[in-house]
Amino acid sequence: MTDSKYFTTTKKGEIFELKAELNSDKKEKKKEAVKKVIASMTVGKDVSALFPDVVNCMQTDNLELKKLVYLYLMNYAKSQPDMAIMAVNTFVKDCEDTNPLIRALAVRTMGCIRVDKITEYLCEPLRKCLKDEDPYVRKTAAVCVAKLHDINAQLVEDQGFLDTLKDLISDSNPMVVANAVAALSEIAESHPNSNLLDLNPQSINKLLTALNECTEWGQIFILDCLANYTPRDDRESQSICERVTPRLSHANSAVVLSAVKVLMKFMEMLPKDLDYYGTLLKKLAPPLVTLLSAEPELQYVALRNINLIVQKRPEILKHEMKVFFVKYNDPIYVKLEKLDIMIRLASQANIAQVLAELKEYATEVDVDFVRKAVRAIGRCAIKVEQSAERCVSTLLDLIQTKVNYVVQEAIVVIKDIFRKYPNKYESVIATLCENLDSLDEPEARAAMIWIVGEYAERIDNADELLESFLEGFHDESTQVQLQLLTAIVKLFLKKPTETQELVQQVLSLATQDSDNPDLRDRGYIYWRLLSTDPVAAKEVVLAEKPLISEETDLIEPTLLEELICHIGTLASVYHKPPSAFVEGSRGVQHKRLPARSGSGESAESPEAAPPAGGAAPEAAPAVIPSQGDLLGDLLNLDLGPPTSGGTPAPTSALQMGAMDLLGGGLDSLLGGDLGGSPAMGTGFGGAPAVMPASLNAPVGGGLGDLFDLGGGVGIPTGAYVPPKTVWLPAMKAKGLEISGTFARRAGVIQMELSLNNKAMSVMTDFAIQFNRNSFGLAPAGPLQVLTPLSPNQTIEVSLPLSTVGPVMKMEPLSNLQVAVKNNIDVFYFSCQYPISILFVEDGKMERQVFLATWKDIPNDNEAQFQIKDCHLNTDAATNKLQSSNIFTIAKRTVEGQDMLYQSIKLTNGIWVLAELRVQAGSPSYTLSLKCRAPEVSQFVFQCYEMVLKN
Amino acid sequence: MTTIGCNCRLIAASVQTTEKEATALLVFPLKEEKREKNITEPSTVSPGYSEDCLTPLRVKPGVRMIHSLFLVNSSGDIFLEKHWKSVVSRSVCDYFFEAQERASEPENVPPVIPTPHHYLISVLRHRIYFVAVIQSEVPPLFVIEFLHRVVDTFQDYFGVCTEAAIKDNVVVVYELLEEMLDNGFPLATESNILKELIKPPTILRTVVNTITGSTNVGEQLPTGQLSVVPWRRTGVKYTNNEAYFDVVEEIDAIIDKSGSTITAEIQGVIDACVKLTGMPDLTLSFMNPRLLDDVSFHPCVRFKRWEAERILSFIPPDGNFRLLSYHVSSQNLVAIPVYVKHNISFREGSSQGRFELTLGPKQTMGKAVEAVLVSSQLPRGVLNANFSASQGTYTFDPVTKMLSWDVGKINPQKLPSLKGSMSLQAGASKPDENPTINIQLKIQQMAISGLKVNRLDMYGEKYKPFKGIKYMTKAGKFQVRT
């Protein structure tokens, strides 16, 4: 007599049979039938056709049957909303039942039925249940509020359920508190600015009390909630830590990890010399170690988090190296994580042990793991200087094993060791060369070639070795080809006499027979360098290379800080910022570790940090960057070119960026001694000729500025340009921060960007692309970032835009989705442009046409706006608007009111007609807009406001 | 009525648009050729949109916790699905199957798998994959712990957690899952409470139910659910009052070639079976509590008392439960109970290899080492093995190359050994890898860390309970490298 019998009837008439059974008079038969229905549901069969019959079974006093029907309802109510209404009455009745179990069950099920119509009926029973005398019902109702909020947020707010929920935080029963916190944090998650969980010392105290008494799951919710709080001072921080530490001994690993998160965050506020700080550090290690003795899935998540913790506070686990040693039957995903942490913990004290382990791993069966182990040895050498020699000898031992992939991997890492410790371990080159023939992977071949080229002067037969590679040049991968080209050029520069033929050969192979542009370009550059100025070539090709360091594989500090605040989450597993996981901009809240502050001082709360969104916030009023500075900058430039040819353009600080860019670009292009070559002899005069054409315009603009400023400083001559706002925070883009604004200059729409590199590595290869947008904005040329962007450097770029791109209506209308690529990744952000950049210069309408058009557009399309606090007189306003291509056609004065009739034309040919009423002496203007596309009115109004107020 | 239908469609439409936005990410044409190709594409298809860039996946805020659960058997069939919110198509599991295919071993399937619209978090227990589907930023450990709790509950209810057992009890399973999670929030996961809400199936009860028509769903609210001691119900009655505690320690160790210990640690647990009437309050004290510096307690243990006095004070749950687990890592405290002498060698050019293995007791405080089982994955090149065992039996699987030797008890006077030769493929070169030897063993009446219970006292009730404490040491992941 088992449930498997329910699966046996799979013949055609099944549904029909069930229907009959469901309508049977016998209770027992009914129940069996419902069970059969449920069983079919569990294996994914569609039994929704039975909805009315199952609902009929609902009115029963048999609890099991009732539960089963409820189970069914939850699954299918959404597809049968009309039918679901039939169930409402029973729900409402059950909410009044004397048995709290039934009351709770009813309110719980109702919340799960995601049908709008039902929610209305849910309100009253829910309100009662939230105040039920039985805590079991209350805690169920608390969760129900979150469910309801998910279906209809407005309803929940209107009904005041949120306040009731907040009151439940003070409930006498800890389970109710825990569920209320869970529900509130879920709601708060979707409304980051709602301030729902208004944490203050009192509520924190309540939470801490409930923490001791509620279930393990409730503890997780409470701890996650605590982690969002920022204590006022170190004393409060310490007292919270003291009350959270017992959670580290909990059997549930999710509780432990959430507690670790709270402690890691609040520790930041404790003074390091405090005794308690040391105690806390000691207390953190054992629970983390214990997590590693759990099931492999738990271990994996724990290891990903420990990886973050050891980067932030290596001292916690510095004595625990051994627990990360790999067992041969660990799943591969655990092995790889352990290996990574071993390297992070490697230090002079334990390096011997670590190396012995790594060497052991290199003889394992799994190829991926072996490779990573070999690579790890190299990373240890780079990280722990004292161990380098030992690492090299370990690698040599491994090369002796002659296991093909071990040898190749070893050669790749030895190359890195050479980069870190130049001229120290060349003695091993001979051993490496012995294995030349066995290398079949591009990376290993490239590494070997690099080594030969770099140390060509000490390898007697370097030319023979390289020549042997050259035979199959065309079959090699690009990586190897490039490396071979460079190596041979190096060899030539070091031993010019014997290798002239070889270098000729490789240069012609690279430039004439290759269809790879990178290879061709590099070949040509070498060729020209070598033929014009070998001395310069030597300086360029054989230049000192920057040393590599272990920093390269560390997580960027700002990201690390944020991830520490998200220990235990998916973000911490993927080591990516949480914003990468949440759709849209809402819900994204950057968390930061609190700053340390003494008693009495208040630390900045993380909640206060502005929510970083994709959409640019309304441009805050700000002045154009001080013109004095601008002038100074210009004068500092040592400019000698003729002053003609520049179209005067409005003032902009950004154009200066283009100048810098030009200078920088030239410097690097002319790098070395090339400046002395005859072609460049004329200096800057000839410079623009070699620059890409599109740069000429900005250059001219920059020059124009100079004269503009000279002419009349202080007179607003151009359209207002909003100040730059941050569009893409560094945190979301691996250290690249982009801020920018839009402008219209001399009829050209320009996107002005500041690219700021906040990462630790150089960024190159910038490119930009737009998504389809309302007005077809598209870049008119490539993004001109010619020099690599080094850390902490900012580049200003101006990107001309066209309006001939693909069109798609966006919400809001002026939204623009942008993708920016660099050598690291592709990043996405969205921003809003002021619609004024689309106002064209020939937007002045004939008077007669204006009158006719005004009458022609239906009155429904008229929109009225108030512009408050504007103190300009009519003429000044007219001038200002005119410079933004809002043209005044006529002016009338009626009863002390100035009426301005204005026209605007958008790039896509849409006309906007405006009537601006200015009451003398009153700071408030009235603007009436008429347009055949009324949705633009709102944005036009915003432009009016922006222009008039700035 | 029609308006409702309308509403529904509207909701569906709005959901669709948000999903569209999520995928509306731009991708750069990376190469010149590609860009040109994009231009020639018909303009109705927006160029460059792709789902490839969706890792990490973007999820909707506000839809938290576990969405659905799929149970997958070892042959890759989904045999049960449960949805706590809207129904997620089982095709989402295709991503899981892909990962499963990629993994060389069943246990190598990564526990967190991103898909374009969901995350899959899975655990593998009893050869069943429990795959949870989540749609938002949920702590993965939370999900994994919950899945473990589901497995434990099934095992508790049905004795075993197998596909057959789950299918046989599918309605109970469904009721349990519904009771354990509400809207993705864990509701009742304590086995005591669950058992009061949903009675576990027994043969007797099934018979009685069919005769009387009664149900296996509790009609009353569980008493323990909201009391200060949620883990214990009131009104417990026994005729024989007894409390048993099992101290079980597992040694995890890695021993290197030369026999020296690389790592060794002890994972200990104290499992209890307490059948006591009323509301007993127990205290358990140890002879050497200092050993326990890294402990995880059952929620019933009063943590303050432990901090202050190093005494375990608690009102126990009824029945079986894990009182605490602990971890001893400092190496001088971890005794290694056996030693292994081994010689596995292959000669270059010969198609034969030598194999010799001898086991002996080491630090066992005079206790016998029993149930010893030695296993080792021999190198891939080994075709067959011809050994002789001084005691016990050995098997060698030529397909998986797994050698396993059931030794039994170690007699210190006559050490067990396994000797013989391995044949290699003719002409094959000497294998590169060194096999690792895995050892399982048991030692009764001893906790290898030396942990000893001092006394157990009961307060709050008048009767005299029967008390018992048992010690046992096992090998956990005990590996000897060769």
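Here's a rule for the first stop: a charge sits over a ring if NZ of Lys or CZ of Arg is within 6 Å of the ring centre and within 35 degrees of the ring normal. Keep in mind as we go that this is a predicted model.

**Stop 1: a lysine over a ring**

Select A:Lys335 and A:Phe369. The lysine lies over the face of A:Phe369, at 5.1 Å from the ring centre. Chain B has an example too: pick B:Lys82, and you'll find its charged end over the ring of B:Tyr174, 4.8 Å from the centre of that ring.

**Stop 2**

Go back to chain A and show helix H18 (residues 332-345) along with helix H20 (residues 367-383). How do their axes cross? They come within 9 Å and cross at roughly 10°. Angles under 35 degrees count as roughly parallel, so H18(A) and H20(A) are roughly parallel to each other.

Now show the side chains where they touch. On H18(A), the contact residues include A:Ile332, A:Lys335, A:Leu336 and A:Leu339. On H20(A), look for A:Phe369, A:Lys372, A:Ala373 and A:Ala376, among others. Colour the whole contact by residue type and you get eight nonpolar, no polar and six charged.

**Stop 3: rings in pairs and in a cluster**

Time for the aromatics. Over all chains, the count comes to 27 aromatic pairs.

Next, select B:Phe355 and B:Phe387. Their ring centres are 4.6 Å apart and their planes are at 20°, so this pair is stacked. Buried or exposed? B:Phe355 and B:Phe387 are both buried.

Then hop to chain A for a group: A:Trp727, A:Phe742, A:Phe775, A:Phe829 and A:Tyr833 form one aromatic cluster.

**Stop 4: two positive phi angles**

Zoom in on A:Asp765, in the loop between strand S3 (748-757) and strand S4 (767-770) of chain A. Its phi is near 55°, a positive value in a residue other than glycine. A:Asp765 is exposed, with a relative accessible area of 51%.

Over in chain B, find B:Lys401 in the loop between strand S18 (393-397) and strand S19 (402-408). This residue is not a glycine either, yet it has a positive phi of about 65°. B:Lys401 is buried, with a relative accessible area of 12%.

**Stop 5**

Select A:Ala510, in helix H27 (residues 496-512) of chain A. It is buried, at a relative accessible area of 0%. Which residues does A:Ala510 contact, leaving aside neighbours within four places in sequence? They are A:Phe473, A:Leu485, A:Leu519, A:Arg520 and A:Gly523. Draw a distance from A:Ala510 to A:Phe473: their C-alpha atoms are separated by 9.0 Å, and the two are 37 residues apart along the chain.

Finish at A:His149, in helix H8 (residues 135-151) of chain A. A:His149 is buried, with a relative accessible area of 6%. Not counting residues up to four places away in sequence, A:His149 touches A:Val156, A:Glu157, A:Ile187, A:Ser190 and A:His191.

Methods
Residues numbered from 1 in each chain as written. Chains lettered and ligands numbered in written order. Predicted model: local features only at pLDDT ≥ 70, side-chain atom pairs only at ≥ 80, totals over all residues. Heavy atoms only, no water. Axes fitted to C-alpha atoms, helices over the stretch in contact; angles between N-to-C directions. Helix = DSSP H or I, 4+ residues; strand = E, 2+ residues; numbered from the N terminus. Parallel < 35°, antiparallel > 145°, perpendicular 65-115°, else oblique. Contact = heavy atoms within 4.5 Å. Nonpolar A, V, L, I, M, F, W, Y, C, P; charged D, E, K, R; others polar. Phe/Tyr/Trp six-rings, centres within 6.5 Å; stacked < 30°, edge-to-face > 60°. Buried < 20%, exposed > 50% of the residue type's maximum accessible area, 1.4 Å probe, protein only.
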